[in-house]
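Visitor: I have not looked at this one before. Can you take me through it?

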There are 2 protein chains.
Amino acid sequence: MLRFALPITLISSALAAAPALMPLPVTVRPAAGKLTLDATFKAALVSAPDARLDAAIGRFVVRLSRQTGIPMLGLKDAAPKLRVECAGAGSEYPALGEDESYALDVSSEGALLKAPTRSGALHGLETLGQLVVLAQDGFEIAAVHIEDAPRFPWRGLMMDSARHWMPLEVVKRNLDAMAAVKLNVFHWHLSDDQGFRVESKRFPKLQQEGSDGLFYTQDEIRGVVEYARDRGIRVVPEFDIPGHTTAWLAGYPELGTNPGPYQIGRKWGVYENALDPSREETYAFLDAFFEEMAGLFPDPYFHIGGDEVVDKQWNESARVQAWAKQNNLKDARAIQAFFNQRVQKLLEKRGKVLIGWDEVLHPDLPQGIVVQSWRGQKSLAEAAAKGYRGILSWGYYLDHLRPAAYPYGVDPMSGDAAKLSPEEKARILGGEMCMWAEYTTAETEDSRIWPRAAAVAERFWSQESTKDVDSMYARMEGVSRWLGWTGIQHRANYAPMLERMTGGRPVEPLRVLADAVEALGLGQRHRAGTFTSLTPMNRLADAARPESESVRALELAAVRVVADPKGSPAETALLRREFARWTANDARFQELAAESGPGGTPLLVELRPLSRDLAALGNAGLKLLDAIEKGQAPAADFVAGQTKEIARMEKPAAEVSLAATRPVKILLKGGKK
Amino acid sequence: MLRFALPITLISSALAAAPALMPLPVTVRPAAGKLTLDATFKAALVSAPDARLDAAIGRFVVRLSRQTGIPMLGLKDAAPKLRVECAGAGSEYPALGEDESYALDVSSEGALLKAPTRSGALHGLETLGQLVVLAQDGFEIAAVHIEDAPRFPWRGLMMDSARHWMPLEVVKRNLDAMAAVKLNVFHWHLSDDQGFRVESKRFPKLQQEGSDGLFYTQDEIRGVVEYARDRGIRVVPEFDIPGHTTAWLAGYPELGTNPGPYQIGRKWGVYENALDPSREETYAFLDAFFEEMAGLFPDPYFHIGGDEVVDKQWNESARVQAWAKQNNLKDARAIQAFFNQRVQKLLEKRGKVLIGWDEVLHPDLPQGIVVQSWRGQKSLAEAAAKGYRGILSWGYYLDHLRPAAYPYGVDPMSGDAAKLSPEEKARILGGEMCMWAEYTTAETEDSRIWPRAAAVAERFWSQESTKDVDSMYARMEGVSRWLGWTGIQHRANYAPMLERMTGGRPVEPLRVLADAVEALGLGQRHRAGTFTSLTPMNRLADAARPESESVRALELAAVRVVADPKGSPAETALLRREFARWTANDARFQELAAESGPGGTPLLVELRPLSRDLAALGNAGLKLLDAIEKGQAPAADFVAGQTKEIARMEKPAAEVSLAATRPVKILLKGGKK
């Protein structure tokens, strides 16, 4: 495993040609030789016929052809270079806990992929796709023996289609990317205050009044479930109740605690509206609704949300209070537990297991339910100790836009979970990333999920000991590019968004600035302004990436230069070039911002101070490099002045953060990263 | 029309904010005011219900939302800002010669689009989409009155799905882009020596033996025809006979003049294989085949190819010769005319009008057929004079990768056609671009078609007097970006292809080089090497654009600087910056090329001399600018040396041409462009 797990250094040719494997497999043993890829490449299932696996192998070859630019027509007279042996297809749908292992052997003659189930075979194909490198003789796969299996059986990603509408193609391309990094649960948040996104034939006003016409038809839902299944992914739907239900109430106000009328929510944040737990009609409605949805979603797990219920309406409703008293429910928490018990029984009747967020945890609920912990590792451990199975989501909120290192560093078994007994630990099924969509759209969703989700997928799949952050970053960048071949748009949408901001004017000055900033997460944007579902999402804060790859490269270079000024000429040259670019960029940026008229367009005008700061950072960086190269310490007043300036620049502006401060700060502090 | 048709100057803020309209409408009258776009924007059909037009309006709003980044949810309580009035839906399918006109009025209050047919309304929506600009207050449409109608009724694009397979999504996104520039005929080249691409249920060996499994099912074909119809586009299928038929013969060798067996062609070029015209079984087969295909393709026009028939097999076949003698057919040309007469009758029986390439023109064929002229303007005029209707394709071969100015300068009514009588001229229906696919793949197809096809679309739609090349280029660049919002990948695929070439290493040095070169067309690539359908298409020659936008900007700047050295500081700065970039780039490029090992990867190694040449051009350019700024003539020996060097560099290398020579040459020649 040595060859692939080395911490990757900056601009290292030997390692740049190494494959970017993510998640890192359990065992990787390099062998002698290599499999050269050309137009005669062909793949075949050599075990019992399986149309779905055949189709997956077909997709694999199409992607291989795309990632190499080599036509692969499956010539009749060519022998298969990849043979896939699958012992059994496994269950009709991917199932929690099934054997997902595989073994892969690559030699000069060909590749052999063996797996006990279709899911295992699918994972093996993805690993093979990641093994392709460009070398001296063209595209090839180095000979290797790989054995692999996941650490956790539940490796999920939650997508929120309620806050901003996510068209079908966004869902599908994210399923492809999920499969590419071996995630196996698509948790689909389908209703919230701002939208109800599934067609109900039984209760059509749910989508008619609750979705602005933006919902998935039942055929589309079925299509997504099949699409996911064919990629080894379970679909767990979430209908969040009894809070987060304003969009339900737009069509069916009689379900609400208050009389209504209700309208689709446009603002973000927590709403007070909640279903009325005191009326039998509420449960009758849910019973019929679950029956309909159970027919659409074959997975045994069914998510009812249950988070952030505001008790105000219940407390102020005489009807609810009288009913609560009658039933000995002393407070809102008891009311919700009662409600959940009823709901759990309705689901059980349909063969469904209830999942809910932390708040559903209550001694009155049976141990069969699953708790998804968003509030912390403590509640996960608590649930496990009490006999409940659990999934960790705390720490994995992608919409906070923290650097990949942060969620990568959170382990489902760390924190309070570390103190559990082996039996209790076994109840922790894995983890799920959450991608809430208040600040993402169809256009930006991919770049807020990828490539960081690949790092978290590694956390869920690979061994606990796989946690070297430098190695993760170096591989993540390669995987990020490779993910583009699956069709995900996280890189492709960047340039068009910047071009839109300049209205067709030359985009380069904006791109230099955009590469040097990072987008802010939900909390900071929420504090920065008043956003609703009608707010344009066309600013730099939307186009900018959560984590700047180029700034990270500069940080690594700065650390090297500080540690060994004489021994780092390439790093010094890189820093000089970038600092000079920042410095020179400002004049061009200011000209661009002014071009559309006296004040310029608002999209660029708000960035003018940022551009000036970037130029100042470039200047400071160049001066620091001069001093370092001369072996001198920079003047104390310069250091003091710059330290103060950088502290100012570190405060968010225009809802982005100036990542460019970081490498300069490293030089300024003399290497204390 | 003044405001939009001005020749556009370099970096002019006022005009940069002007909309990029292409094709330019017949009448454009600016008015006072502007329509500001925000989340309340809503569009509605206010005339008789029409589900297809409704869907088109829905797609328009989705694209408007994407091109502005503003959510447009069609809020219930908002009044429509765009009202569409369509007098009548028109025919079930778009029809040759139907009224495609429209009138558009935009004011501060809203927009009104009026059209006599659905096709006209569709065109008006595209114009409205192009009118959107980013201004000081955000995205808006300046108030305007537009009246518009096409000059020619047949405005086509031919796509070749036979040489390289074009997946369904390539076809569909190109239909979207076609509609965006008001093209109305999709000519689909579906069979050739290298592939038979349609499922035949009657003769399944056509696709089974002739397609490597890469063909469109009948359901998919029907889907494409509907998709095109919904966008105002006719689909004209082409099954090329009696030559270009090797892929037919793979499954049905008995149709061939020679006994076979046959295999799918892998090489490019003209094959000798031809159907046997002497056997009745050939016509019986075609009769049944046409019956099946007539059911799939509702358009009355049906293309039978008929080009490049090699007479060798016919001449050498005793059977064919005996039969020819019996029928008084004195040569291959007479044989083909006989064959075409039979085929024409078979088609007529199915209500189809025969179209063929030049070669079908023969006095024995009835005047109802249509001749598509690929060999020159002369044959088009000749056909028209003889009473045949015709379409011009000569000059519009996109696969030759000539700059947009070239096909833009070819007018269907120029050349020999100019001498025709009005009655004869009326037989010239319009034009069609051809995109033969020997040197394109699904990945590169879009960039070989777009944006140049937009300029040719203007030739087919706009007035004959609309021919200012500078204005065309300035608008084409804007339209090119806008076309990205329709989903076409001509810009999006560029960066991933470059990244693939570097195997994950930093791509910038390659991008600087790639921006300075241009891809070569079919003829030059054909001469450069032996290509087959199995050749990798992953080199710079595939990634590079047919026409470098950045080099064109430098050419314009160079012309300005030469004409007025003191008055062009912005242009001088632009040239200096780019020349310096080229010069500095070579060291980084050579390092990149060497990184993957001793010799580097073949994809980069072949570019090393080009990179050195680019650096030399940068150096020469900087020296020339120095001399110009000093008001001095450059030294004679320098001029002589550079002239020689540039002449050398102008020869293609690595199957690309170094476009960067052009601006330097302008400076060197002192302004003679």
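Guide: A definition to start: a salt bridge is a side-chain nitrogen of Lys or Arg within 4 Å of a carboxyl oxygen of Asp or Glu. By that rule R279(A) and E281(A) form a salt bridge, at 3.9 Å from N to O. Keep in mind that this is a predicted model.

Visitor: What does K349(B) pair with?

Guide: K349(B) forms a salt bridge with D287(B), and the closest N and O atoms are 2.9 Å apart. K349(B) is in helix 12 (residues 332-349) of chain B and D287(B) is in helix 9 (residues 280-296) of chain B, so the pair ties together parts that are 62 residues apart in sequence.

Visitor: And which of the two is buried, which exposed?

Guide: K349(B) counts as exposed, at 52% relative accessibility. D287(B) is buried, with a relative accessible area of 17%, because buried means under 20%.

Visitor: Where does R539(B) come in?

Guide: R539(B) forms a salt bridge with E606(B), with the closest N and O atoms 2.9 Å apart. This pair links distant parts of the chain, 67 residues apart. R539(B) sits in the loop between helix 21 (522-528) and helix 22 (540-543) of chain B, and E606(B) in the loop between helix 25 and helix 26 (608-629) of chain B. R539(B) is buried, at 16% relative accessible area, while E606(B) is partly exposed, at 26%.

Visitor: Changing topic. How is chain B related to chain A?

Guide: A rotation of 180° with 0.0 Å of shift along its axis superposes chain B on chain A, with an RMSD of 0.0 Å. That is the relation of a two-fold axis. The residue of chain B that comes closest to the rotation axis is A492(B), with its C-alpha at 3.1 Å. Both copies use the same surface, and 100% of the contact residues of chain B recur in chain A.

Visitor: How many residues take part in the contact?

Guide: Chain B gives 55 residues and chain A gives 55 residues. The area buried between the chains is about 4200 Å², and carbon and sulfur atoms give 55% of that. L73(B), L134(B) and Q136(B) supply 15% of the area that chain B buries against chain A, more than any other three residues.

Visitor: What about salt bridges and polar contacts across the interface?

Guide: The rule finds 6 salt bridges between chain B and chain A. In one of the salt bridges, K76(B) pairs with E209(A), the closest N and O atoms being 2.9 Å apart. The count of residue pairs in polar contact between the two chains is 12.

Visitor: Which elements of chain B touch chain A?

Guide: Those that give two or more residues include helix 3 (51-68), strand 7 (138-148), helix 19 (494-502) and helix 24 (569-595) of chain B. Helix 19 of chain B gives the most, with 5 residues. The residues on this side of chain B divide into 21 nonpolar, 18 polar and 16 charged.

Visitor: Back to single residues. Is H303(A) buried or exposed?

Guide: H303(A) is buried, with a relative accessible area of 1%. H303(A) is found in strand 12 (residues 301-303) of chain A. Its side chain makes a polar contact of 2.7 Å with the side chain of Q372(A). Among the residues that H303(A) touches are H187(A), E238(A), F239(A) and W357(A).

Visitor: And Q367(B), where is that?

Guide: Q367(B) lies in the loop between strand 13 (353-357) and strand 14 (370-373) of chain B. Q367(B) is partly exposed, at 49% relative accessible area. The side chain of Q367(B) reaches the backbone oxygen of K386(B) at 2.7 Å. Beyond its neighbours up to four places away in sequence, Q367(B) touches K386(B), G387(B) and Y388(B).

Visitor: Last one: which residues of helix 20 of chain A are buried?

Guide: In helix 20 (residues 508-515) of chain A, the buried residues include P509(A), L510(A), V512(A), L513(A) and A514(A). What covers the buried residues of this helix includes helix 19 (494-502), helix 24 (569-595) and helix 26 (608-629) of chain A.

Methods. Residues are numbered from 1 along each chain as its sequence is written. Chains are lettered from A and ligands numbered from 1 in the order in which they are written. This is a predicted model: local features need pLDDT of at least 70, side-chain atom pairs count only at pLDDT 80 or more; totals for chains, interfaces and linings use all residues. Side-chain values use heavy atoms; hydrogens and water are left out. Helices (H or I, at least four residues) and strands (E, at least two) are DSSP runs, numbered from the N terminus. Buried means under 20% relative accessible area, exposed over 50%, partly exposed in between (1.4 Å probe, protein chains only). Contact means heavy atoms within 4.5 Å. A polar contact is a pair of N or O atoms within 3.5 Å; within protein, one must be able to donate a hydrogen and the other to accept it, and residues adjacent in sequence count only if both atoms are side-chain atoms. Buried area is the accessible area (1.4 Å probe) that two parts lose on being put together, summed over both. Ala, Val, Leu, Ile, Met, Phe, Trp, Tyr, Cys and Pro count as nonpolar, Asp, Glu, Lys and Arg as charged, and the others, Gly among them, as polar. Copies are superposed by least squares on the C-alpha atoms of residues with pLDDT of at least 70 in both.
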